[in-house]
Amino acid sequence: MAKRAFITGISGQDGSYLTEILLNKGYEVGGLVRRNATAEMGNIDDFKGEIKVYYGDLQSPESIALAFLDFKPSEIYNLASFSSPLGSFSDKLGSIMITGVGALHVFERAKEVVPEAKVYQASTSEMFGAPNQVPQDETTPLNPKNPYAVAKEYAHRMAIIAREDKKNPQFISCGILFNHESPRRGLNFVTRKITAAVACIKNNRKDNVPLNEIGEPIVQNGKLKLGDLGAKRDWGYAPDYVEAMWLMLQQDIADDFVIATGETHTVGEFAEEAFKVVGLNWKDFVVTDSHFVPPVQTGPLQGNPAKAKKVLGWEAKTIFKDLVKIMVHSDLAKFS
Ligand code: NAP
């Protein structure tokens, strides 16, 4: 009988790549989708006919329970979240209700309805905040610096409590994933904003330029506005990272795993590399704007994925320069 995987946040970047790899592995896949006025399916539009869609919301425990009752998953991947660290400052309550309490609803409903199911929780390197240890691993103390990361820490700690429950332990593994990007990344994230802007500039696109997170065209008067060019991140490629999520649920013991490349680059280096792909000098196009600098800074974030390599046999396959190229080429076609 085919294994059955249920994904919350299935229409997001990771949900869509995870769906593809699970369908290829022969799984039946179901997922929770928020109903919207236009019935848009985000990144899963191309394969929505191959999966079972349940309309619901992480803030509605009833919708989660009904989906589990009907689909009866053996694996649950909780990827749904209000996932913008910068955006979380303008909706602190929404962050804790969706990203924090919403995850607890998933754990609790899973325990009641499908107690044998293995659960994956999407934790994040943002929980390390401003770490005093570089690189970070599973033992690094958490020190979150934005409402998103605080909400993720709450979910992470509730997952560990459920796992360590002596009377009725629940299988919940947490992937502490460092930033991972792709052509499916939202335009409110810095990497995708850069590659979309490079494409609009190179293609001399003047109409229907995509909007940034404050509702302005990402390119105005030929310039791209960015925040802190010196912010350092450990950037990997999303399809590599969803494979690690699956591997975590194939283990006999639930645990935490850092998933990262182990290499860092600054936002400025990402922009330099992206403009280089189309033969342009980033310094001619990038300006800084304090709107895009978070009120409290995070980093430097650099992961040590040694445990994932040893236990899961996982390591990042796609190097930084290739990641940037993949994203720029995709956006050149998209914003032609
Ligand atoms: P994403 O593209 O932003 O996807 C988030 C998904 O969650 C979307 O499908 C979104 O649906 C859904 N969602 C938001 N609020 C919801 C709610 N109230 N009820 C149900 N669904 C809701 O994020 P991602 O990059 O795929 O990341 C997947 C997970 O990993 C997230 O939890 C993220 O925080 C975490 N993570 C990501 C990274 C990274 O670098 N990408 C790193 C570490 C951890 P809509 O389309 O309707 O908004």
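How many of the 12 residues of helix H6 are buried?

The model is predicted: local features require pLDDT of at least 70, side-chain atom pairs count only at pLDDT 80 or more, and totals for chains, interfaces and linings use all residues. Residues are numbered from 1 along each chain as its sequence is written, and side-chain values use heavy atoms, with hydrogens and water left out.

**Helix H6**

Select residues 238-249, which form H6; helices (H or I, at least four residues) and strands (E, at least two) are DSSP runs numbered from the N terminus. Of its 12 residues, 10 are buried, where buried means under 20% relative accessible area, exposed over 50%, and partly exposed in between (1.4 Å probe, protein chains only). Among the buried residues are Asp 240, Tyr 241, Trp 246 and Met 248. The end C-alpha atoms of H6 are 18 Å apart, which agrees with the 16 Å that its 12 residues should span at 1.5 Å a residue. The expected span is 1.5 Å times one less than the number of residues.

**The sheet of 7 strands**

Next, display the open sheet with the order S3-S2-S1-S4-S5-S6-S12, in which the pairing is parallel. Two strands count as paired if DSSP finds at least two bridges between them. The edge strands, S3 (52-55) and S12 (256-259), each pair on one side only. Neighbouring strands here are turned by 20° against each other on average, direction ignored.

Zoom in on S1 (residues 4-8) and S2 (residues 28-33), which pair in the parallel sense over 5 bridges. Within this pair, Phe 6 stands opposite Gly 30 in S2. Contact means heavy atoms within 4.5 Å; axes are lines fitted to C-alpha atoms, for helices over the stretch in contact, and angles run from 0 to 180 degrees between N-to-C directions.

**The sheet of 3 strands**

Move to the open sheet with the order S8-S9-S14 and mixed pairing. Its edge strands are S8 (219-220) and S14 (286-288), each pairing on one side only. S8 pairs with S9 (residues 223-226) in the antiparallel sense over 2 bridges, and Val 219 stands opposite Leu 224 in S9. Helix H5 (residues 190-202) packs on this sheet, touching S8 and S9, and its direction makes about 175° with that of S9.

**The ligand**

Which residues come nearest to the ligand? Of the 23 residues around it, these are Asp 14, Arg 34, Ser 83, Tyr 148 and Lys 152; a residue is counted if one of its heavy atoms lies within 4 Å. A polar side-chain atom of Lys 152 lies 2.8 Å from an oxygen atom of the ligand. In the side chain of Ser 11, an N or O atom is 2.8 Å from a ligand oxygen atom. A backbone N or O atom of Leu 58 lies 2.9 Å from a nitrogen atom of the ligand.

**Loops**

Finally, select Pro 135, in the loop between S5 (118-124) and H4 (147-164). A cis peptide bond joins Val 134 to Pro 135, with omega about 0°. Another cis peptide bond joins Gly 299 and Pro 300, with omega about 5°; Pro 300 is in the loop between S14 and H8 (306-312).

Lys 72, in the loop between H2 (61-71) and S4, has a positive phi near 50° and is exposed, with a relative accessible area of 53%. Asn 208, in the loop between H5 and S8, has a phi near 50° and is exposed at 66% relative accessible area.

Definitions and conventions:
A polar contact is a pair of N or O atoms within 3.5 Å; within protein, one must be able to donate a hydrogen and the other to accept it, and residues adjacent in sequence count only if both atoms are side-chain atoms.
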